[in-house]
Amino acid sequence: MEPAKPRQEIRGSGESPRAHRLGILLSGRGSNFLAIADGITQGRLTQAEIAVVISNRRDAPGIEAARIAGFSTEVIESRGRQRAEHDAEIIASLQAHQVDLVCLAGYMRLLSAEFLRAFPQRILNIHPSLLPAFPGLDAQRQALDYGVTVSGCTVHFVDEELDHGVIVLQKAVPVLAEDDEHTLAARILAQEHVAYSEAIARVLSGEYRIAGRRFLPRSGAQTETE
């Protein structure tokens, strides 16, 4: 993978600052989308705005919440469609809304290679485990079955592999003796709501470099990558 150039990709070349435009993709209740929206409203996530919220499911509670909140929304249903065709329609919508950064917020579909090429190093996902531990579905159940004493959440760039891209930020939570997957999921979700806005702010700042698989603070104005 070629080294990323965060400043050019996210900030652009213009001199006048503008709000970075976020595109949110969701399939379910959208609690992380709502946390991002709250972060913007409450000033924890500055110089960002939600340009569009897209769901692949018409019945997703998150898309209704977005409509009620007054955001631009689209439903691009995936059922019965080829992945390439479906992704092409989403890409077109994101580009039409001039999206700078794509944020997956409970979006339950793998992205095609074409999607990744359309937004290189500009797609974030959040996962309810400390990756690389417990990727995929039922991460909380996996953690309990394995017997770990610490779990958490991970915000990472999306690449060609499942829950695999460069990690931007992680937050840990204890796994308690009395936990079941529901209580553990609730404790992790509370940290997800904090972590996602923090990670978005780090990426939008442009003040980082990627060295191998490591997301690092920028170490000098002349050093874009390593």
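Trainee: In which hand does α6 pass α7 in a crossing?

Mentor: The model under discussion is predicted. In it, α6 passes α7 in a right-handed crossing. The axes of helix α6 (residues 139-146) and α7 come within 9 Å and cross at roughly 115 degrees.

Trainee: Which residues of α6 and α7 meet?

Mentor: From α6, the residues are Gln140, Arg141, Ala143 and Leu144; their partners in α7 are Glu181, Leu184, Ala185 and Ile188. Sorted by class, the contact of α6 with α7 holds five nonpolar, one polar and two charged residues.

Trainee: At what angle do helix α2 and helix α7 pack?

Mentor: Helix α2 (residues 31-41) packs against helix α7 (residues 181-205) at about 50 degrees, and their axes are 9 Å apart. The two helices α2 and α7 are therefore oblique to each other. The crossing in which α2 passes α7 is right-handed.

Trainee: Which residues make the contact of α2 with α7?

Mentor: On the α2 side they are Ser31, Asn32, Ala35, Ile36 and Gly39. On the α7 side they are Leu189, Glu192, His193, Tyr196, Ser197 and Ile200. By class, this contact of α2 with α7 comprises five nonpolar, five polar and one charged residues.

Trainee: Let us take one residue of that contact. Is serine 197 buried or exposed?

Mentor: Burial is judged by relative accessible area, and a value under 20% counts as buried. Serine 197 has a relative accessible area of 5%, so serine 197 is buried. Its place is in helix α7.

Trainee: Which residues does serine 197 touch, not counting residues up to four places away in sequence?

Mentor: With those sequence neighbours left out, serine 197 touches Ala35, Ile36, Gly39 and Leu45. Of these, Ala35, Ile36 and Gly39 are also named among the α2 residues in the contact with α7.

Trainee: Where is glycine 30 found?

Mentor: Glycine 30 is in the loop between β1 (20-26) and α2. Glycine 30 is buried, with a relative accessible area of 5%. Glycine 30 and isoleucine 63 are 33 residues apart in sequence, while their C-alpha atoms are 7.5 Å apart in space.

Trainee: I turn now to the aromatic rings. How many aromatic pairs does a search of the whole structure find?

Mentor: The search finds six aromatic pairs. A pair is read from two values, the distance between ring centres and the angle between ring planes; planes under 30 degrees apart count as stacked, and over 60 as edge-to-face, with the rest as tilted. For phenylalanine 157 and tyrosine 208, the ring centres are 6.4 Å apart and the planes stand at 35 degrees, so the pair is tilted.

Trainee: Which strands hold phenylalanine 157 and tyrosine 208?

Mentor: Phenylalanine 157 lies in strand β6 (residues 150-157) and tyrosine 208 in strand β8 (residues 208-211), so the pair ties together parts that are 51 residues apart in sequence. Both phenylalanine 157 and tyrosine 208 are buried.

Trainee: Why is the pair of tyrosine 208 and phenylalanine 215 stacked?

Mentor: The ring planes of tyrosine 208 and phenylalanine 215 are at 25 degrees, with centres 4.4 Å apart, so the pair is stacked. Phenylalanine 215 is buried, as is tyrosine 208.

Trainee: How many helices and strands does the protein chain have?

Mentor: The chain has seven helices and nine strands. Buried residues make up 47% of its 226 residues. Among contacts with a separation of 6 or more, 60% are between residues 24 or more positions apart.

Methods. Residues are numbered from 1 along each chain as its sequence is written. This is a predicted model: local features need pLDDT of at least 70, side-chain atom pairs count only at pLDDT 80 or more; totals for chains, interfaces and linings use all residues. Side-chain values use heavy atoms; hydrogens and water are left out. Rings of Phe, Tyr and Trp (its six-membered ring) pair if their centres lie within 6.5 Å; planes under 30 degrees apart count as stacked, over 60 as edge-to-face and the rest as tilted. Helices (H or I, at least four residues) and strands (E, at least two) are DSSP runs, numbered from the N terminus. Buried means under 20% relative accessible area, exposed over 50%, partly exposed in between (1.4 Å probe, protein chains only). Axes are lines fitted to C-alpha atoms, for helices over the stretch in contact, and angles run from 0 to 180 degrees between N-to-C directions. Angles under 35 degrees count as roughly parallel, over 145 as roughly antiparallel, 65 to 115 as roughly perpendicular and the rest as oblique. A crossing is left-handed if the near helix is turned anticlockwise from the far one by less than a right angle, and right-handed if clockwise. Contact means heavy atoms within 4.5 Å. Ala, Val, Leu, Ile, Met, Phe, Trp, Tyr, Cys and Pro count as nonpolar, Asp, Glu, Lys and Arg as charged, and the others, Gly among them, as polar.
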